[in-house]
Amino acid sequence: MRITAITRATLLASAMLIQAGVSIAASGDLWPADTRRNQTSWCYGNEWNMLRFGFYSDKGRPSNCNGKFKFDMPLPATEDAVLEVDLPAEVEFLGVYQRGADKVSSDVPVRRVTQDGRERMILSIALDKKHLNTYMEKYHQEVHLWFKPPAELKDRVSWSLTLNGKTLAQSTLHLITAGVLKDGAKLPARFGFYPYGNTRMLPNDDFARMSDFYRRFGMTGVVEHWTYGLGGEPTFREVLKANRNSGVKNIANIGEFCNQFSQNLASAFKKSAGAMGLVEAMNTACNGIEGEDAKRRWQAAAEWFDMVIYDWEPDGPGAWPGYDDSVTAAAFAREIGLDKVTPEELAGKHRKAYERFRMKQTARPLYSLKKLIDSVKPMPMFIEQGDGLGRSIEYDVYGGDFDFVRPMIYKPRPLTYARDLVNTLRSTTVEHRKFVPDTTVGWPETASHRESPEEMLLDTVITAAAGCGGLAHWPELYRTDAVLFGVHDGLTRIALVEDFYFDGKPAENVTVAGAPYHQEKIDLGSKTIDLQGPNWPAVLFTFAHELNDECLITVLNYHEAEDAFVNVGSPAFAGMYLVDPVNKEYYTCDADGEAMVSVCKQSPVMLIATSRAVRIEGCKAVDAQKVKADFEAARKKYLSSNRRGSAKLGAVGDISIAYELVSFGGDEQVCLAVSNPLQSVKLNPSGGRIFDWIVNGVERFVSQESYSSGGWGMDMLWLPEHARWSGDETETMELVSCENDGRRATVVYEHELKRSIPGLVLRKEYVIPADEAAVHIAVTLRNERPGEARVSYWQHNSLATAVAAFAAPNAAAYDKQQTSVFTAEGLDDDLRRLVVEPSRIVSTTGAEYSEVFTGPNASVTFRLPDDFMAIYRWCDAGKGRRSTEWMSKPVTILPAESHTWRVSMKVVAGTAKAGPVTSSCESSAI
């Protein structure tokens, strides 16, 4: 990612703005703390830290994702704005950098005050009006405040932005140390951590100090943005020298370099390579990358680097029909020994072979890049491509020939990261050790993805336990905070057992299972399923690795509220110890080789099963009877506070209710199947989603690939911004009731939105009639908070079909396979600003519309609430994925009050026209 210079056009636009005098829609926050539900800015004790303030213009942005606090900013600014920051006196202030300056400056007015009997300091940072006008007109201004806290700090930070005597935005947040990096801590020798790099604007240009921090943290290498050589970048040279002197590898981000020298490379990312065809286009791109000009440029820089990363993000050949040009199709025909192939054959019997052909052609520039690098100085390469399960190019097309594969698994919570990581590794033949997945704390244009160091700890440990060779992180280090201490914590733990992960093999005859507080056995005839409360199979990830005569058990508990009690057993463990090398404790297995161990909520535990007495030296024995007593106490507490509705199984009239297993997100999931003669609707407590919806005569239309985003009827909030993709949408909901009177079945789920808006309770009622292929849903948000809640509800439906057309009674049919937005008829301008991706608005529509599937020759007709705001049709042509989703207008829900949205959906088979939704969502339950 490269920051370009301010262009003449930008300056001219700024000058015109100054003449005009306008007020722009803007926003700001202290990233990432302001978007976290815990409202915390984490910092490293006894280290240099940075608070990053961002102030954003909504003008010209691709979407309305930006800072948390909205305000109107008068431009041009005729005086400096003032960012006032209130910090505890124990903090050492080091300086401030603001975009447009050439250094970190400590020349900032500081006032010492006493508040509540404690001394504090207040910084008044003047935001230069010239830079404010220049940057805010186009995109954003950012301010970096450098400070050093003591080893332990649990306090607050407050900030406000003032312009022309008016306060535009302000906030108060927790300021807490996450921990202290200990000198001499053991770090992994083989499992690496490779984040994107830091800012070059440091206090006193002390690059050596920052690189030494990287080393003590456990960073194997740091990605540095390099493009056009080092001749004019003396500061960059100092950064690279400092890294190398500290033992941290310099990783060259070579993406822009490839774009510069590889003419026609973009042809691989398009549906058609045009008249030259894909083969010739890649010939040209490869020749450019291997050319003398590129070699000279790389020779001038290679000595400074130890590794290379290519952020390679092509679109794959996964969207049909009509995906290609005749020249590329002819080249494929020659490849397989045919005179020609028709478009129908490409989309039919040759589809898989043709996709592989295109993938291999698209990957050819990777090999040219490797050839160029090796010709100057061979060094390891990372290929950063795909999001794991959603990759555009299959990893086995190129993964075996490169050192590391970096899928960008950017998920909003640790549990979804864990699921996608494990399923990604299952789905490829590439050696797991080559995978170094990118995770993220989020980035300033989205809500924060990680609340605490404990969440980052889970990310780190599961990556090692699953067999990966390391972990990465994007975006740059200065766009996060000490929540990354969780990675350091994880690295120090992995170092104690690293040999098991790298040299061990999967252990056999070892059982590791959560002890349930509530349990039901359901006999399906061919199989018995186990319903548990809590649902430990969904939130416990376990691994067992054998090495020599020992076994490492790794257990990760992703439950946010409940400690887990886990039964570990193997006949081979009889009389052995289970040693926790991190906490210096050990359990003793009984004569059957079993032991119950405790795992705190949102935390990992590593246990070495061993008969070696030396392992327990200096460790404390865990009392087995106390663990069992704690389990019984936790079980009693859980059962008293978790009411549980019972499903009325069996048939009444034409409706039957039964438990079934459904393949979803790479695993078999237990679903509550509600069926009538026309359909079967499979409901799961994970967000109360429809995991499958089978209608007679209709091909499957519910996407089941991704646990984190698949399914039908996913509940999210479009407002507030920090609630989007918070993780609540896949949280396990409580089954409140399940009734069947023969005319309709009613299933009700409920849970609190703890991650997005604590105190807001979501109640979801499904009504499934006996005589229609239809589902009616009522979603109620009940406000149990002390204050009001302003929200916009968002329902996400993920389609399995690659081709669908939008149809509405008062709108022309729309069959373009691209992301598009339809706003509610008569939507006013103020609400139009809140619509997702306003640049993609194509038309307006009423509350009834249909998705018409040309493949299965069927349609789903929706009847939305009258207060809907927009319909969003998301399309990823490269991956063949679609969704149809809608957002409501914002509503304000007062304390102790609620708001309900009702939507009906009806499936019509055997017709290309949508049928009206005639049934209403009737219920006395809401």
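This is a predicted model: local features need pLDDT of at least 70, side-chain atom pairs count only at pLDDT 80 or more; totals for chains, interfaces and linings use all residues.
**Helix α2**

Helix α2 spans residues 129–138. Seven of its 10 residues are buried, so the rest of the structure largely encloses it. Those buried residues are H131, L132, N133, T134, Y135, M136 and E137. D128 sits at the start of α2, where one of its side-chain oxygens comes within 3.0 Å of the backbone nitrogen of K130.

**Helices α12 and α13**

Helix α12 (residues 453–465) packs on helix α13 (residues 485–503) at an angle of about 20 degrees, and their axes are 8 Å apart. Angles under 35 degrees count as roughly parallel, so α12 is roughly parallel to α13. The crossing of α12 past α13 is right-handed. From α12, the contact uses P453, M456, L457, T460, V461, A464 and A465. From α13, it uses G486, V487, D489, G490, L491, R493, I494 and Y501. By class, this contact of α12 with α13 has 10 nonpolar, three polar and two charged residues.

**Backbone exceptions**

Most residues other than glycine have a negative phi, and most peptide bonds are trans. The table lists the exceptions.

| Site | Feature | Value |
|---|---|---|
| W31 to P32 | cis peptide bond | omega about -5 degrees |
| L719 to P720 | cis peptide bond | omega near 0 degrees |
| N509 | positive phi | phi about 60 degrees |
| E837 | positive phi | phi about 40 degrees |

P32 lies in the loop between β1 (22–31) and β2 (40–44). P720 is in the loop between β37 (714–719) and β38 (734–740). N509 belongs to the loop between β20 (505–506) and β21 (511–514). N509 is exposed, at 64% relative accessible area. E837 lies in the loop between α16 (829–832) and β46 (841–845). E837 counts as buried, with 18% relative accessibility.

Terms used. Residues are numbered from 1 along each chain as its sequence is written. Side-chain values use heavy atoms; hydrogens and water are left out. Buried means under 20% relative accessible area, exposed over 50%, partly exposed in between (1.4 Å probe, protein chains only). Helices (H or I, at least four residues) and strands (E, at least two) are DSSP runs, numbered from the N terminus. A polar contact is a pair of N or O atoms within 3.5 Å; within protein, one must be able to donate a hydrogen and the other to accept it, and residues adjacent in sequence count only if both atoms are side-chain atoms. Axes are lines fitted to C-alpha atoms, for helices over the stretch in contact, and angles run from 0 to 180 degrees between N-to-C directions. Angles under 35 degrees count as roughly parallel, over 145 as roughly antiparallel, 65 to 115 as roughly perpendicular and the rest as oblique. A crossing is left-handed if the near helix is turned anticlockwise from the far one by less than a right angle, and right-handed if clockwise. Contact means heavy atoms within 4.5 Å. Ala, Val, Leu, Ile, Met, Phe, Trp, Tyr, Cys and Pro count as nonpolar, Asp, Glu, Lys and Arg as charged, and the others, Gly among them, as polar.
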